[in-house]
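Here are some notes for a colleague who is new to this model.

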Amino acid sequence: MQREVTFAGFGGQGIMTAGKLLALAGMAEGKEVAWIPSYGPEMRGGTAYCTVVIADRLIGSPIVNDPENVFVFNRPSLDKFGPRVRPGGVLLINSSLIDVLSERKDIEQTCVPCNDIANALKNGRSINLVGLGAFVARTTMVSLETQRAVLHKEFGKKGKESVLQAATEVFEAGVRAVLEGQGAKTP
Amino acid sequence: MSEPTTIFKRPASMRDAFTHYCPGCTHGVIHRLIAETLDELGLRERTIGIAPVGCSVLAYNYFYCDFQEAAHGRAPALATGIKRVLPDRIVFTYQGDGDLASIGTAEILHAANRGEKFTTVFVNNAVYGMTGGQMAPTTMPNQVTTTCPRGRDVNLAGWPFPVADVLAQLRTPAYVERVAVHTPRHIINAKRAIKQAFRYQMEGRCYSFIEVLSTCPTNWGKTPAEACKWLDEVMVPYFKLGLKKSPDRPPVE
Amino acid sequence: MAKKLMKGNEAIGEAAIVAGAQAYFCYPITPQTEVAEYLAKRMPEVGGVFVQAESELAASQMIFGAAAAGARAFTTSSSPGISLMGEAMSYIAAAELPAVFINIIRCGPGLGGILPSQGDYLQATKGGGHGDYRFLVLAPSTVQETVDLTIEAFRLADKYRNPVLLIGDGLIGQMMEPVDFEGRGAPPTLDTSAWATTGCVGREPHIVKTLFLDPNELERRNRKMRDKYEQMKREEVRFEAYLCDDAPELLVAAYGTTARVVRTAIDRLREDGVKVGMFRPISVFPFPDEPVRQLAFQPSVRSVLVVEMSMGQMLEDVERALQGRRPIHFYGRGGGNVPAPEELVRECRRLLGNGQGGRP
Ligand SMILES: Cc1ncc(C[n+]2csc(CCOP(=O)(O)OP(=O)(O)O)c2C)c(N)n1
Ligand code: SF4
Ligand SMILES: [Mg+2]
């Protein structure tokens, strides 16, 4: 069993970190994981993306051209990665910055207004964590419990309880957005 | 009422292209000053530029004249090759501080020492820009970069390399000046110096070298305005601006 | 110690520290600069030497100096920088000093690009610098294997008093995978007392040099070095055979990142009952000549497909090893493009003449 996701957006949206946190959760579940970044000329000011693969056995190709899941955080990423989602897969869309859906009928689509949710919690920089919460809730690529434990470990540095609290708040808001169907539309 | 007149336009020596430089980066300003110079001196069609390896490796996307791309640090050697076989053409190298003051130190010193009749525009931004902000030979004392995470320790890495001042020590005649581009006043002065450098080359007088203090807001972790301020407050006091050497003034014996 | 999620480049840095590296000399170049950035922090913490040199030329000569002075020294770079190290490689090999070089290959030639490639295979295995010498060359395909082979590289460098070169591509440097340092440690310290230039208190001076104007003396050294390379061929061949023992029809040869893609392609083909196996060299000098012969000359194997991120370099070693006894095909990608599993599935099917799976 192998599961994959590509997170894509602008540089600076925390895409790479979201991917890393997911990979850490995969590891915590005893799985094989690989985190593959985009690197290259397009990084300067352009799109940034990473792919996370979580599998039961040794991971072969680090290049996944048709990921099972894709989360796009901006419009150029929708144009680039929307067509690549594997048929039957899930496309998550940051509807704060993207006001359209993919025209595809062979995938499921879920909208999450990441920026709006993060802004409402006065944590506008953490749209990646909103996205991560929504993603894990939507796909259960890892369990929510594991992902929460990873957040605890990564953000729960002593003396910085407020950082963990803020991270948890946005993450849980992302989870709720999906579970309670807030903003989630399916065409 | 009089007809509207054009007071500002793209120099003919520049292409109509989108910049890839970061917001607030002064590489673009320096490009423009060179392009204006080529226009004003009527040099565009007989100029060959040499791009370095660094953020300005893509300089040929902006200049509308012949260009060669050099290996990292080797631009002065290419320029020598071109100028020696085409002595009536105008040749300039455009190089960053990693390119010129680190890996290419041998080439620049010897081109200057041979008195090659080309022009170098040396962009000193105190850091390796393109590779993401590592220490350069020009990095300021205590300045933090990704390869001196505790700040530049002058006991281990030495003091910032003052290229213009070093080249000025050579006995071979040359024109060497250090300028900056962080305020309009400095930009106007930099333009004068760059134009003078190309004039000396046209006259076949000497090697000409202009060091330009430039900003790298991205790798300095500063806004464009803060970067200009930092350049003024930290770089200028160490890298003293001004004329370092002139072919009109022979060295004192 | 629990596994850590690390970028290949950072894992190389930590592995070198685990291996007891005492001195690291570098010059920034994408896609391996993170090694330098990592070690700029870590080396001072362990009392090691970190120097950002003025060029790769200088960095590699700093290794020459440090190695001759008896230190466990190494450098990392990427293709254009490795070219500049060719000089030092030749001298260090000639002086019979242990040293480790790591090339995180990017696409070329020339300035090329910064994306992954395997275009430096011939440079790594057949040349680099001038003269009659060889490097022992290892090619990992996962981050964990990169860690293990980095540590191993230091041991082998000592064993042969010869430089060892590790080649990875940009993807291995940039991707993160879990790595385990548990149970791994520094190889025993090499006794350098007979040759290192440490000051001649109470002994005759040591001279480290590579100039030998007497042809017979130089030839003796050439022969001695040749003997070392022959010993490497006997003792250091490493490879992996994947699904090769159930009479595969096609044998795919690939190393590094490409081998991972091949593995995925093979898994997909196997789901449809298409029997394909893989030969993955881990040491590319010495090349596993005999193992690839054994795998390819199985009666079931109709042909061999070599896959590389180059226009055909390891291909020459496979051709040499198989001596024309099996048809050899080649599939290469360049420019920084990594082949996708789908492409390789298609290519394997094409070669087997069974477009839709099953037997032709
Ligand atoms: C031989 C070689 N070594 C290293 C590099 C990687 N490299 C590319 S640009 C650069 C530094 C450029 O810095 P600088 O010259 O200061 O220019 P800036 O980007 O700051 O304008 C380096 C080290 C290379 N391309 N070739
Ligand atoms: S990295 Fe620095 S030098 Fe390069 S374009 Fe950006 S601001 Fe300019
Ligand atoms: Mg610079």
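1. Strand β5 (residues 174-180) of chain B pairs with β7(B) in the antiparallel sense over three bridges. Strands are DSSP runs of E, at least two residues, and helices are runs of H or I, at least four, numbered from the N terminus; two strands pair if DSSP finds at least two bridges between them. Lys245(B) in β7(B) is the bridge partner of Val176(B).

2. The model is predicted: local features need pLDDT of at least 70, side-chain atom pairs count only at pLDDT 80 or more, and totals for chains, interfaces and linings use all residues. Residues are numbered from 1 along each chain as its sequence is written, chains are lettered from A and ligands numbered from 1 in the order in which they are written, and side-chain values use heavy atoms, with hydrogens and water left out.

3. In chain B, an open sheet of seven strands with mixed pairing has the order β2-β1-β3-β4-β6-β5-β7. Its edge strands, β2 (66-69) and β7 (242-245) of chain B, each pair on one side only.

4. In chain C, six of the six residues of strand β7 (residues 164-169) are buried, so this strand is largely enclosed by the rest of the structure. Buried means under 20% relative accessible area (1.4 Å probe, protein chains only), exposed over 50%, and partly exposed in between. Val164(C), Leu166(C) and Gly168(C) lie on one side of β7(C), and Leu165(C), Ile167(C) and Asp169(C) on the other.

5. β7(C) runs parallel to strand β5 (residues 100-105) of chain C, paired over six bridges. Asp169(C) is the bridge partner of Ile105(C).
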